[in-house]
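Q: Could you walk me through this model, starting with how a pair of helices packs and then moving on to the sheets?

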Amino acid sequence: MKKTSLFILSFVMITFFELNAQHLIREAPLEKQIENSSLIVEGKVVSKTSYWDSDNTNIYTVNTIEVYKVFKGESVQLIDIVTKGGVVGLKAEIVTPSLKLTSGDTGVFMLYDNSISINRASAKKQFKTYGTTQGFFKYNFKKDIVTNPFSKKSGIVTSFYREIMSHTKLSYVEIKSFNVQEKISNSISLKSAKPPTGITFSPTTVSAGTKTLLTINGSGFGGAQGKVGFSNADDGGASFFEALDSQVISWSDTQIIVEVPSDAGTGPIEVTDSGDVSATSNADLTITYSEINISSDAINTGTFIAYNTRHINRDSQGGYTWQMFTDFDANADAKAAFLRAFEIWRCDSGINWTIGATTNVDVSANDDINIVRFDNGAELDSQTLGLCTSRYAGCLVSGGTDIDWYVEELDIVFNDNVDLAQTPGTTEVWNYGTDEPTNSEYDFESVVLHELGHGHQLAHVINSNSDVMHFNLTNGESQRILSNNNKTAAANVQNRSVNGMVCSQLAMINYSGSCGGLSIDENELDEIVSIFPNPTTGSFKIDASHIELEKVMIYDISGRQISIHDLTKDSSRIKTINMNASSGVYFMNIYSENTMITKKIVIE
C-alpha cells in the first residue's frame, strides 16, 4: 500500500453537468457525503449474493468489493456493501429506492458501518452507502465521466479525485494497483476499432419490463453476443442499464432483437460488441411506462431471467389490507394525504386495497402486515423521503423451468423528519395539505402516490411532463394525477392479477367500492378542496383533483346570490372561476353530489 504523490489543490476546477436537482431521495452534496462517511473507497463489485437477515424478516444483498484506493478511513482490501432487497430461493424483496449494483461495477463508494445482522458468516467488514443510491459514483471509462443519480462529472482522475481530496484534506492510499487513466486511454483507443455504426431501432416508442421486443439495426455489431444498454430510469439516464443476457433474443452483425428491461428509461441506447467496443444511438428510445421485474436464477441454471409480477387475493376479501401504525394514523394531515393518493390508485386502476385496523407493529418486516408508518429515529437517512418494499413468493410453473411470482406483502415507510435543506437556519418540511407546496416544502401526497405506484408494481420512468412514476420530484412540486400511461401500466398488472389463480393463490378481485362524492363527508371535502389565489382580483381556481364537483354558488356578505357556476361542464383538474364583482368578502357553497361546504373568498 502506498500514498499517492498527487498533491491536493487548494482550489479545484471541476467540469460537471448537473442532472435534476432533487429526487424521491434528496440530494446530499459531495462535501456532506464525505463528512458523514466513515469509509470512502474506489473499488469494483466482484460478486453479489442475497441473504435473509438473522431474524428472517428482510432480504439483503451482500456485494463484495475489491478495493483499489482508500480516500478516507481504514485501509482494507475487501469489503461487503449491504443493499436492500434481493432473491433467496423462491422468496424475493424489492425496495424502492435502493442501490442496485452489478458485478463489474467500478467507482467510488461513500460508506458507513452496516448495523444489520445478515444470516451469513463473513470476516469482511460490512458497510452501507450514504444517501442510498447516490452513495455510489459509477465510472464510465469510455467517456471519462463519473455519475450518480444527481450529477455527471467529467474527468475521473483530473477532477473527481481532486474534488474528493479537497474535502478530505488527505491523499488517497493505494491498496491495489489500478490505473484509471490507463483504463480511460484503452477505452478511448477502442473507439477507433470499428465500433458499431448506423444504430436505428424499431419501434421507437415502447414499454419496459413487459417482454416488449426492440429490433436494433446497424452494422459492426459482431457475430458474438455483446451487450445492449438502455438509459437508466433510476438515475435519469446518467448511466446505461444493460439488458440481461437472457433478454437478448438474437444477435448478428447487422441486427439485434432484445427485450426492453424494467430499468430502461427514455433516452439513447448503447450497443457494445463482444470486444467491449461501443456506440450510442443518435435518436432517443421513448419509454411510456415500466413494470417491476424480478431478476432471478432461483432454479440455479446459471442464467438470470426477468419475470413479471402480479397481485393476488391475499386477505381473502379480494386483495390486500393495509394497516397504519398508531402514530401515522394519529397524524390527521398525513393520513388524509395518504388516503387521497390511496383512493386515486384503487379508483383509477381497480386494485383491491383496503384500510384495516391500526396496528402497534412499528417495523417493516416479512410479517404479513402491510404497514404504513413513519420511520424511527435515523432508520431512513435524511436523504430518503420514503421507501416502498414489495415482498414476493414464487413457484415453479408445472412441467417447466419458468417461475410465477406474486406479491405477498407491501410495506411503506416515510421520513418523519424532513429537514432537507441542510442549510443552517432553514428547514424544508412536508406539505400535507391540498394547496400547492411552497419551495420550502415537499408534497407528501405526491410522494405517497409515487410509492403506492411501486406497490402497484410500476417502476421508474424518465418523463418530467406530469408522470407520477418519473424518477424525480422537486421541492415545491406536486404530482397528484395519474397519467394515461400510469393507468395503462396499472391496468396491465391488474388484468393479469385478476385472470386466474397463481401458485394455488386466489386471483385478485377488482375493487368495487364507492369512489367520489358519495363516500366524502363535509370534513373530508373541506380538506381536499383548495382555492387559490385568495385574496384575488376577480379570477381564482378551485383544485378538486380527487373529487367530482357539481356547482359553486357565490354570495355576498349580506347573503345575496351573486352567481352560479356549473362545474360539470369543465373536465379539467383545476376549475377556473371568473367573478365580476367589486372588492369585498364573498362566500361560496361548493357542492359535490350530496355534500356541500362553504369557503370564503376575498376580492381586492
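A: The crossing of H5 and H6 is right-handed, where a crossing counts as right-handed if the near helix is turned clockwise from the far one by less than a right angle, and as left-handed if anticlockwise. This is a predicted model, in which local features need pLDDT of at least 70 and side-chain atom pairs count only at pLDDT 80 or more, while totals for chains, interfaces and linings use all residues. Residues are numbered from 1 along each chain as its sequence is written, and side-chain values use heavy atoms, with hydrogens and water left out.

Q: At roughly what angle do the axes of H5 and H6 cross?
A: The axes of helix H5 (residues 332-349) and helix H6 (residues 444-455) cross at roughly 45° and come within 9 Å; axes are lines fitted to C-alpha atoms, for helices over the stretch in contact, and angles run from 0 to 180 degrees between N-to-C directions. That makes H5 oblique to H6, given that angles under 35 degrees count as roughly parallel, over 145 as roughly antiparallel, 65 to 115 as roughly perpendicular and the rest as oblique.

Q: Which residues make the contact?
A: On H5 they include Phe338, Phe342 and Trp345, and on H6 they include Val448, Leu449 and Leu452, with contact meaning heavy atoms within 4.5 Å. By class, the contact of H5 with H6 has 11 nonpolar, 1 polar and 2 charged residues; Ala, Val, Leu, Ile, Met, Phe, Trp, Tyr, Cys and Pro count as nonpolar, Asp, Glu, Lys and Arg as charged, and the others, Gly among them, as polar.

Q: Changing topic, is Gln383 buried or exposed?
A: Gln383 is buried, with a relative accessible area of 0%, where buried means under 20% relative accessible area, exposed over 50% and partly exposed in between (1.4 Å probe, protein chains only). Gln383 lies in the loop between strand E28 (370-374) and strand E29 (386-396), and its C-alpha atom is separated by 6.7 Å from that of Ala28, although the two residues are 355 residues apart along the chain.

Q: And how much of the protein chain is buried?
A: Buried residues make up 53% of the 604 residues in the protein chain. The chain has 8 helices and 39 strands, which are DSSP runs numbered from the N terminus (helices, H or I, of at least four residues; strands, E, of at least two).

Q: OK, sheets: what is the strand order in the open sheet of 4 strands?
A: The order is E14-E16-E20-E19, with antiparallel pairing, and two strands pair if DSSP finds at least two bridges between them. Strand E14 (197-202) and strand E19 (248-251) stand at the edges, each with a single partner strand, so one side of each has no neighbour in the sheet. The twist averages 15° from one strand to the next.

Q: How do E19 and E20 pair?
A: E19 and strand E20 (residues 255-259) pair in the antiparallel sense over 3 bridges, and a hairpin joins the two through 3 residues. Val248 stands opposite Val258 in E20, and Ser250 stands opposite Ile257 in E20.

Q: What about the open sheet of 3 strands?
A: That sheet has the order E33-E34-E37, with antiparallel pairing, and its edge strands are strand E33 (530-532) and strand E37 (574-578). Strand E34 (residues 539-543) is joined to E37 by 5 bridges.
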